[in-house]
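Here is a quick tour of a few spots worth a look in this model. Have the sequence and the 3D view open as you read.

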Amino acid sequence: MSSDSPLIIALDQPSLDAALCLADRLDPTRCRVKVGKELFTRSGPDVVEALHGRGFQVFLDLKFHDIPNTVAGAVQAAAEQGVWMVNVHAGGGRRMMEAARERLERHGLTTHLIAVTVLTSMETTDLQEVGVTQAPGEQVERLARLAMDSGMDGVVCSAQESARLRELCGDRFLKVTPGIRPSFAAADDQRRIMTPREAMAAGSTHLVIGRPVTRAKDPMAALEAIEQELVA
Ligand SMILES: O=C(O)c1cc(=O)[nH]c(=O)n1[C@@H]1O[C@H](COP(=O)(O)O)[C@@H](O)[C@H]1O
């Protein structure tokens with residue numbers, strides 16, 4: 001089964017059972033799902049297999065960041081599990097990203113490969129503390145250009161940067177944007193946020209949404225409310 005929806009629901013759950021329980025309340029024709037670090041560390045590839053079995057396309061969000069050979073191997077391992085999308089940190093540099101791209105091509109693997117630019121939880125002062133003096137938007141532009149030159153299919157960025165990246169990198173370069181907060185939800189620990197509708201208008205190609213759906217009493221009703229916001 002595949003979905004044309006731009007919605008990717010983050011299954012940030014502490015166990016395989018909890019993740020599948022949540023997935024069973026969602027519809028694989030109306031969203032994709034994201035498996036992140038906590039869930040994958042606890043449940044391993046079983047969770048990916050179980051989600052595929054239920055018809056979901058999976059974004060395996062492990063944000064690889066290591067030397068080129070190690071990342072290329074990890075990306076290959078992810079793609080061989082048949083995931084729809086996998087990501088690395090653009091901060092790992094050109095050679096790391098090129099090695100990952102080359103490895104997928106060598107093995108004929110078609111998984112989308114994208115790079116994280118600046119995390120949506122970070123603002124100017126957080127960047128300064130790690131030695132980056134540019135504003136988040138400028139750093140995102142720099143890393144997006146590098147990611148495109150290094151053969152990535154797109155980036156993870158905040159929706160606040162989507163419009164600029166659409167100008168710089170074009171429509172076909174994927175802009176996967178977390179930090180999405182529908183009008184009914186709290187910001188939580190996210191900093192650079194936007195509503196689903198604003199994000200799509202700005203040029204995001206995919207919206208990553210976690211807590212506003214996963215913590216809702218009725219996750220499918222929350223997803224429907226987001227769909228409504230998108231068409232309103
Ligand atoms: O790569 C990601 O998915 C990601 C990158 C980023 O910059 N910010 C970010 O929040 N994420 C992920 O997107 C999801 C957002 O979840 P909520 O804040 O609950 O909507 C989490 O799973 C994060 O790990």
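## How exposure is called

A residue counts as buried if 20 or more other C-beta atoms lie within 10 Å of its own, as exposed if 12 or fewer do, and as partly exposed in between. Keep in mind that this is a predicted model.

Most residues other than glycine have a negative phi. You'll find Asp188 in the loop between strand 7 (174-177) and helix 9 (196-202). Asp188 counts as partly exposed because it has 14 C-beta neighbours inside 10 Å.

Lys63 also isn't a glycine, and its phi is positive too, about 45°. This one sits in strand 3 (residues 58-64). Lys63 has 17 other C-beta atoms within 10 Å, so it is partly exposed.

## Into the core

Which residues have the most contacts inside the largest nonpolar core? They are Ile9, Val33, Val58, Val75, Ala100 and Val155, in a core of 66 residues.

Take Val58: setting aside neighbours within four places in sequence, its contacts are Val33, Val35, Val48, Leu51, His52, Val83 and Trp84.

## Around Pro68

Pro68 belongs to helix 4 (residues 68-80). With 18 other C-beta atoms within 10 Å, Pro68 is partly exposed. Beyond its neighbours within four places in sequence, Pro68 is in contact with Arg95, Met96 and Ala99.

How far apart are Pro68 and Trp84 in space? They are 22 Å apart, C-alpha to C-alpha, with a separation of 16 residues in sequence.

How values were computed:
Residues numbered from 1 in each chain as written. Predicted model: local features only at pLDDT ≥ 70, side-chain atom pairs only at ≥ 80, totals over all residues. Helix = DSSP H or I, 4+ residues; strand = E, 2+ residues; numbered from the N terminus. Core = buried A, V, L, I, M, F, W, Y, C linked by C-beta atoms within 7 Å. Contact = placed C-beta atoms within 7 Å.
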